[in-house]
Structure formats: structure tokens, C-alpha cells
Amino acid sequence: MKKENVGIVETKDFNLPDELVLENGEKLRDVHLAYETYGKLNPEKSNAILICHALTGDAHTAGLHKGDSKSGWWDILIGPGKVVDTDRYFVICSNVLGGCKGSTGPSSINPETGKQYGKGFPFITITDMVKAQKELVDHFGIQKLFAVIGGSMGGVQVLQWAVSYPDYMTKAIAIATTARSSPQQIAFNEVARIAILSDPKWNNGDYYGGSAPTHGLALARMIGHITYLSDAAMHQKFGRKLQDKEEYDYNLGFDFEVESYLHYQGQSFTRRFDANSYLYISKALDYFDLSKKGSLIEGMKVAKAKFLVVAVSSDWLYPPYQSREIVSALSANDLDVTYREIESNYGHDAFLLESGQLGYLIGNFLSHTIVSDVMKTDIVSIKQGISIEETARVMFEKGITHLPVVNETNELMGIVTSWDISKAVALKCKTLSGIMTKNVLTAKGNEDIESTAKKMEQNNISALPVVDDEKKIIGIIGSEEINRLIGGYR
């Protein structure tokens, strides 16, 4: 399949309908989220994937803005025919609450004062960011996301989604991340914040009418950028090469290429990011801790999604042991979790650069779908002994053609179809037992989609009840759900 760019895209604005109650009890009103979408939402609204960005990212994850030559930050993975195939999936990405790329943050206008929030912006958490995202997802009428994907702070949001809204996602992909910020991560964030706070131009957060604290923000970015790389990556990229010279200058200017590179990264960052947003978002990361009473097992026990957790071998900001802690906690809660560690010298930045390895892992995880991933769980069923007239009424009111018949313990006893109701009228049957199919062909939640589709095709049926090991019904899967995955979402 030809891999293409999603083309020209536009960042849109979503205004939360109600005030947002934050985790600390404060309230934000007139909250906006900047977001972008790619692909089409299918009629059942079951093909949505939410992409979560990292600390200094934004909603522009794929495609091109009009007049701009720079593609979105994960364009290597998102688009027609790519790993996150926009011919199959409806992709959403929003700028986080507290950001400075269109979403409500410290640089936004405070409706109470008519001036920018600055230091008056309330402190937020990852939970608050995810809560705002949930409002956006609800806006589309999506009742369950097919997947939530993110790396670094994006992975943190993925994990928070899994805990805050366990019933609203099928799959979770957390890359180069952690379930709780470590002392070292907090320490680096604090040094970066002090760099901003020490800049006289920060002016207690009230700098929007004058000169911004660019020196402090650039220094914060330089500190952060060092943690994104690995020792091997720095050796490979710079070594001890000098910057435009053959000998040392023996002064405090730039001698080495790595020095020049860091200064460039810092200065360019100040042209696209707000210092106050950096303070607030990094603090939200520090607060992040999914454990309860020190236990990740306890903290993550409410999660229900199927997980892919990916670590990077050379990542020393979010080292692999932290990903393995996540996997251990999920496994202890009997969740379906896959752990992969990619070999890369890029360090933490590998989640943005290793398109080959990541593409393979993410692609396989998204495409390997089992019945429980797509089955309908809001099942309408009837009890044994109900009249045919009542059965017909239920089918008519609910607009369904297949109605499972269960006993008092929810064990599947048979199934009635709209054809059976027609047959009952023609043959003047009085009871369900005379028309329902008792030897029902069923599926298990862990069956793969392809074998289920083959079973339905061979038996010329359009829906299968899904049962557990005790033959209790847990869902129903129809040909429409299967066709969407096997035949694509076009």
C-alpha cells in the first residue's frame, strides 16, 4: 500500500461546554483545546485513535499546515497506508491543557480579569489534561476509543487514561514513559524551572506585555534536551568535533559542536513555546504518580485495556526499568500486556525517530485484533419463557435482528432472529422454545478476528454471541464489526 501524507490540515478549536473542575478543587471556565483530526469517523464511531503528545508537543502530529513545509511531529507514523492508517482510523490529537499552542494555559486570557493568566493560572495535573481530552472525545460522540497512543509525557497520559477512564479504551500503547515520576526526573524539571524563574524578565510570570524570559527558557530547554539524547548519540552526532575551527579558542565561547547545537536548540525553542507553560506542564509531570500507598499494582488495578509498553534501551530519562514496573503491575492484575524494548542509540528521542522499529511494533499491535476488542458489550437479551410478542417488541424497539435468550444466571440458552419471528407468525408458534436456535454457534473473547470471520462465513450467519468459559454471554459480534477491520474503514 502506498504511504502518503495526510495533506493540508487545520488546527481546530474546541470550547468545553462547562467549567472544568481540576484535581486540586479549583475551577477553570471557558476552557479551549486546540486539536487536529485525520481520517474519517466510521458510522459506529469505533475506529477512533487518540494520540497524546510529549512535554513540549502540540496538536499538529501529521500532515502540513497551509504555507508551512514542516510536517507534524509524528508524520512518519500517521497517514494513509502508514502504521496509524488514516484510511482505517479516525485520529485525534489535542494540545494539552496548560499548553501554549491553542489550548487554555497561562498565556490565555483569564475571563475573570480580561488579562492573561500568567502566574495566576491554577496548577494542573495529568489527570486534568486527560479530563479535558475526554470532553473532546465525548464531543465527537465516541463512546470507546480503539486506542490511545503516546510517548514520554504522551505515554503518561495514556496510562492516566487507562486508570481514569478504563471503559473508554480498547488498546493502550505507552512508549518511553513511566507510571510515576522519579526523583531524578523531578530534579531535572526543577533545575529547568529555576532557570526560568531566575531570569529577571520572568517578572513573576507577568511578562506578556514586554520582553519574555527567553534566556531562562532557552537554558531550560538545553537542560531538557541533554536528557533526551544518550551518551552514544552524542558521541555519534558530535564526538569532540570543534565548531567551525581547528583549534581551541581558550575562552568561554563555543569551541565544540555540541555546545553550538544546544544553544541553537534553546534559542529556537523560545520562538515556539511559552515559559509559563513550561513551568506548569513540567510541574504536572512531577505530580504524576499512579501508585496507591506505594503500590502500582493497587493503583492500576482498575485498568482494562490491552497494553503495549515499549522502552528504549539507551533511554536514561525514562529508563527501561520504569516500563518494566508498569508491565509487572499490569500483569499482576491479569491484564493483557506486551512488553518490547527497542535497541536504539537515540536515547529518549527514539520514540520520535525510530519509525522502523516502532512502526513494526505498533502496527502489529493495532492489527492483531481479537473478538473482545470489537464486540458490542451493551447486549440486549431476553429471559427464557418470555412471549413471542414481547420478543418481537424488544427487537423492534432496539432495532436488532439477533436476540440472545439467557437463563437466570445469564447463561446462553439460545438465540432468536428476526427471521424466527417471521417463522413464528407463519407457523403460529406460541413459545420461544419452538422457534429459537438452541445449539448456538458462539465465539470466545480471545478468538482472533480472522477465524471468527471464517466461522461466520462458513455457516452463513451475520452475528455471533460471545461467551466466557462458563457459557455466560459477555457480548455479541456482527459481520459489520468484522468487515470494518478486515475490509478497512473506507
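Because the model is predicted, local features need pLDDT of at least 70 and side-chain atom pairs count only at pLDDT 80 or more, while totals for chains, interfaces and linings use all residues. Residues are numbered from 1 along each chain as its sequence is written, and side-chain values use heavy atoms, with hydrogens and water left out.

I begin with the helices. Helices (H or I, at least four residues) and strands (E, at least two) are DSSP runs, numbered from the N terminus. Helix α1, residues 126–139, packs against helix α2, residues 153–164, at an angle of about 70°, and their axes are 9 Å apart. Axes here are lines fitted to C-alpha atoms, for helices over the stretch in contact, and angles run from 0 to 180 degrees between N-to-C directions. That makes α1 roughly perpendicular to α2, a term covering 65 to 115 degrees. On the α1 side the contact (heavy atoms within 4.5 Å) is made by Ile126, Thr127, Met129, Val130, Gln133, Lys134 and Val137. On the α2 side, the contributors are Met153, Val156, Gln157, Gln160, Trp161 and Ser164.

How covered is α2? Eleven of its twelve residues are buried, meaning under 20% relative accessible area with a 1.4 Å probe, protein chains only. Among them are Gly154, Gly155, Leu159 and Trp161.

Two strands pair if DSSP finds at least two bridges between them. Strand β16, residues 402–406, runs antiparallel to β17, joined by five bridges. Within that pairing, Val406 has Leu412 of β17 as its bridge partner.

Finally, I consider strand β19, residues 463–467. Which of its faces are covered? Both are: Ala463, Pro465 and Val467 are buried on one side, and Leu464 and Val466 on the other. Strand β18, residues 443–444, pairs with β19 in the parallel sense over two bridges, and Lys444 stands opposite Val467. With strand β20, residues 473–478, β19 pairs in the antiparallel sense over five bridges; there, Val466 is partnered by Gly475. The hairpin of β19 and β20 has five residues between the strands, and Lys471 takes a positive phi near 65°.

How values were computed: Angles under 35 degrees count as roughly parallel, over 145 as roughly antiparallel, 65 to 115 as roughly perpendicular and the rest as oblique. Buried means under 20% relative accessible area, exposed over 50%, partly exposed in between (1.4 Å probe, protein chains only).
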